[in-house]
Protein chains: 2
Amino acid sequence: MTTAEQLSSAVLVKGQMMAATQAVRNAALLAMADALERRTEEILSANALDVEAARASISDVMIDRLRLSEARIAAMADAVRKVASLPDPLGRILQEYKREDGLLIRKVSVPIGVLAMIYESRPNVTSDAAALSVKTGNVCVLRGGKEAIRTNRAIALALKEGLAAVGLPTDAVTLIEDTSRESATALMTAVGQVDLLIPRGGAGLIRACVENAKVPCIETGTGICHIYIDKDADPERALAILENAKTSRPSVCNAAEVCLIHKDVAEALLPKIYDRLVSRRIAEGKVPVELRLDGTAAKIIKGKAAGEKDFDTEFLDYILAIAVVEDLSSAIAHIAAHSTGHSEAIITQNQDAIDAFTLAVDSAAVYVNASTRFTDGGEFGLGCEMGISTQKMHARGPMGLCELTSYKYIIVGEGHIR
Amino acid sequence: MTTAEQLSSAVLVKGQMMAATQAVRNAALLAMADALERRTEEILSANALDVEAARASISDVMIDRLRLSEARIAAMADAVRKVASLPDPLGRILQEYKREDGLLIRKVSVPIGVLAMIYESRPNVTSDAAALSVKTGNVCVLRGGKEAIRTNRAIALALKEGLAAVGLPTDAVTLIEDTSRESATALMTAVGQVDLLIPRGGAGLIRACVENAKVPCIETGTGICHIYIDKDADPERALAILENAKTSRPSVCNAAEVCLIHKDVAEALLPKIYDRLVSRRIAEGKVPVELRLDGTAAKIIKGKAAGEKDFDTEFLDYILAIAVVEDLSSAIAHIAAHSTGHSEAIITQNQDAIDAFTLAVDSAAVYVNASTRFTDGGEFGLGCEMGISTQKMHARGPMGLCELTSYKYIIVGEGHIR
């Protein structure tokens with residue numbers, strides 16, 4: 001089938017998904033999880049072919065993201081079961097207003113309709129996105145990377161088996177067969193068919209979607225996250241948070257890329273930062289952090305001189321750009337100029353500085369004395385996530401079930417006229 | 001100044017608006033209202049020039065929308081004062097989650113940043129939009145129609161006077177001086193500067209914005225609203241609601257354009273509808289409704305035969321398209337195919353029909369035994385509105401103060417790392 005035909009078939013079942021009860025949606029999720037486990041062998045065979053074919057063209061890191069194991073499939077199934085156990089995101093009364101004339105106005109959460117997702121090589125995105133979508137009464141149209149197509153087909157078949165088992169339409173989870181650029185463009189421009197497009201992957205993919213989408217699109221992911229160490233910071237906290245934010249998982253979007261230090265504490269703290277992120281890590285046999293320093297910091301500790309782009313780069317690696325700032329306002333201004341609006345932290349014991357920073361910093365997550373690494377649906381108590389929005393409309397920060405719903409007003413009268 | 005220069009100046013004051021307290025924002029609103037009244041004479045003089053210049057090129061209806069009077073300016077000032085009296089939309093704690101490890105996660109409402117508005121000839125939009133924007137801590141960039149430019153300049157001057165009186169930056173309300181197509185395009189494509197674009201006006205303007213905007217844009221307004229009269233409708237209610245929804249103000253977006261009638265009651269009800277909307281209105285000296293009938297209805301009452309486009313047209317006039325449908329499902333399917341997602345109503349005494357209709361109809365406002373004319377921020381208890389969203393992302397239905405805010409997470413730890 002062409003992408004257009006697949007999309008049209010998916011749109012047709014929107015009403016059925018909207019009308020399904022929570023009990024049916026949860027039963028479908030459990031059946032989807034069971035089917036994933038039952039079909040482990042087929043999924044692994046398909047995956048082996050994908051890995052074999054991709055070996056020549058993609059990096060080892062990408063191969064690792066692509067490769068499945070029995071344990072990874074079990075984890076995918078568990079994630080689907082976890083989604084089934086979460087509270088019903090639909091039919092929640094968000095607001096209620098009874099007018100003096102008796103007209104009752106209710107704002108109620110409802111599915112969005114058709115969610116399209118364009119993503120890269122990780123096959124677990126296929127089952128995660130499908131699970132979140134079924135739970136929220138939406139139809140999902142999934143367009144994964146070409147390296148994962150055999151794996152995704154096998155996973156989608158299992159998921160459809162689960163939908164069919166409870167009588168839900170199998171097109172509610174539609175895997176786009178064409179993995180060329182054309183199919184991505186078709187989804188981006190399917191006005192009136194795709195209600196929301198969510199790109200998930202590298203910066204290039206996300207930029208392409210945001211720039212070319214004619215349908216509503218949520219910008220996700222890119223994180224140039226800052227840690228600002230104030231003059232009133234507790235030094236030990238600052239060091240522990242900085243090391244955690246930079247090194248606990250450098251490849252993810254909530255890892256810190258930039259450290260700003262108040263000039264009053266730069267001379268005392270920078271040598272300790274060097275010790276913590278470089279010397280000590282070498283001694284402990286860990287990967288040391290490469291420091292890229294502005295002019296002032298370079299006078300105090302050793303490191304590479306920061307180039308023009310180092311304060312605007314999502315390194316996703318053991319690299320940290322460091323700048324010394326005049327004061328809190330300069331830190332806030334630096335963040336406003338260079339941040340992607342993902343996550344930023346202030347380390348300080350000074351309440352005025354906390355208030356000023358949390359008020360002025362315009363990012364999805366603003367931290368006080370904590371690591372930026374917590375920006376995640378699970379960590380925030382949302383149960384799961386579809387990605388992290390760095391835009392301000394509709395959803396900001398981790399997108400859980402709520403963010404995959406819209407709302408409508410239901411107004412009940414007894415012949416009310418105006 | 002060029003549009004680009006004006007926009008850059010506006011962006012610069014975003015931080016100041018974000019940091020202003022509620023007391024200052026409300027004081028600004030009261031000063032803005034006072035300045036509007038104090039400058040009534042200047043505004044009326046400017047308006048007289050606009051009306052004079054526009055007389056040759058625009059319709060009487062448009063002239064009426066453009067023309068101000070002392071009373072209309074007083075009403076504008078009162079609307080600004082009303083906005084000042086509403087609860088603070090910022091700093092609301094939308095969710096709070098304290099983890100077992102003590103990390104406190106708060107979701108807090110914040111300004112969006114820079115709102116751009118492209119609108120047509122009604123000058124009160126200038127003061128309404130500015131008031132809502134100041135109340136929500138946003139900066140607004142207003143690009144009105146060229147017919148109203150002198151009036152808008154005089155109004156903007158008064159509004160800026162109010163901002164200056166309390167020490168807020170006057171660029172927080174920026175009226176774009178260039179009223180050519182180029183300035184509209186500049187706002188639509190100002191990625192990274194305009195956080196949200198709201199078009200307000202005719203269908204052509206809205207379509208142009210939705211199709212060409214590179215910045216987030218909210219689709220507003222167009223309403224092809226349906227009244228479905230079920231087989232179990234109370235006939236008297238049905239007639240009263242239909243007449244109200246069609247005739248109480250036909251030029252607005254929440255007026256009904258289409259009536260669907262269940263076939264079992266068509267023969268009994270259609271003659272009564274004819275009587276109510278045509279004969280009786282003629283007898284009472286009111287404007288009768290022109291009926292455009294599908295084949296089945298045309299066999300029962302007199303009226304024009306409905307053409308191909310009559311079920312897809314926002315008449316905004318004393319015209320009603322009528323179709324007889326097989327059953328409730330056919331009515332729902334007709335609405336899904338032809339509605340703009342604004343407001344639809346079912347008239348019935350049957351609870352099963354109510355449940356099915358409210359579940360399946362995917363519009364911003366779904367009415368039970370009430371007129372569609374209630375879809376309005378004021379009527380819904382929101383205090384005011386910026387327009388009515390017909391899209392599903394971010395805002396749906398009337399956009400009040402809440403819909404002009406975003407949120408961020410503020411996370412407070414004591415050295416928490418992950």
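Q: In which helix of chain A is the place of A:Glu267?
A: In this predicted model, the element in question spans residues 263-283 of chain A. A:Glu267 has its place in helix 12.

Q: Does A:Glu267 count as buried, exposed or partly exposed?
A: A residue is buried with 20 or more other C-beta atoms within 10 Å of its own, and exposed with 12 or fewer. A:Glu267 has 14 C-beta neighbours inside 10 Å, and therefore counts as partly exposed.

Q: How far apart in space are A:Glu267 and A:Ile301, C-alpha to C-alpha?
A: In sequence, A:Glu267 and A:Ile301 are 34 residues apart. In space, their C-alpha to C-alpha separation is 8.9 Å.

Q: Which strands stand at the edges of the open sheet of four strands in chain A?
A: The pairing in this sheet is parallel, and the order of its strands is 5-4-3-6. An edge strand has a single partner strand, so one side is left without a neighbour in the sheet. In chain A this applies to strand 5 (173-175) and strand 6 (196-200).

Q: Which residue in strand 4 of chain A is the bridge partner of A:Ala116?
A: Strand 3 (residues 114-119) and strand 4 (residues 139-143) of chain A pair in the parallel sense over five bridges. Within strand 4 of chain A, the bridge partner of A:Ala116 is A:Val141.

Q: As by what kind of axis are the two copies related?
A: Chain B can be laid on chain A by a turn of 180° and a shift of 0.0 Å along the axis, with an RMSD of 0.0 Å. The two copies are therefore related as by a two-fold rotation axis.

Conventions
Residues numbered from 1 in each chain as written. Chains lettered and ligands numbered in written order. Predicted model: local features only at pLDDT ≥ 70, side-chain atom pairs only at ≥ 80, totals over all residues. Least-squares fit on C-alpha atoms with pLDDT ≥ 70 in both. Helix = DSSP H or I, 4+ residues; strand = E, 2+ residues; numbered from the N terminus. Pairing = 2+ DSSP bridges.
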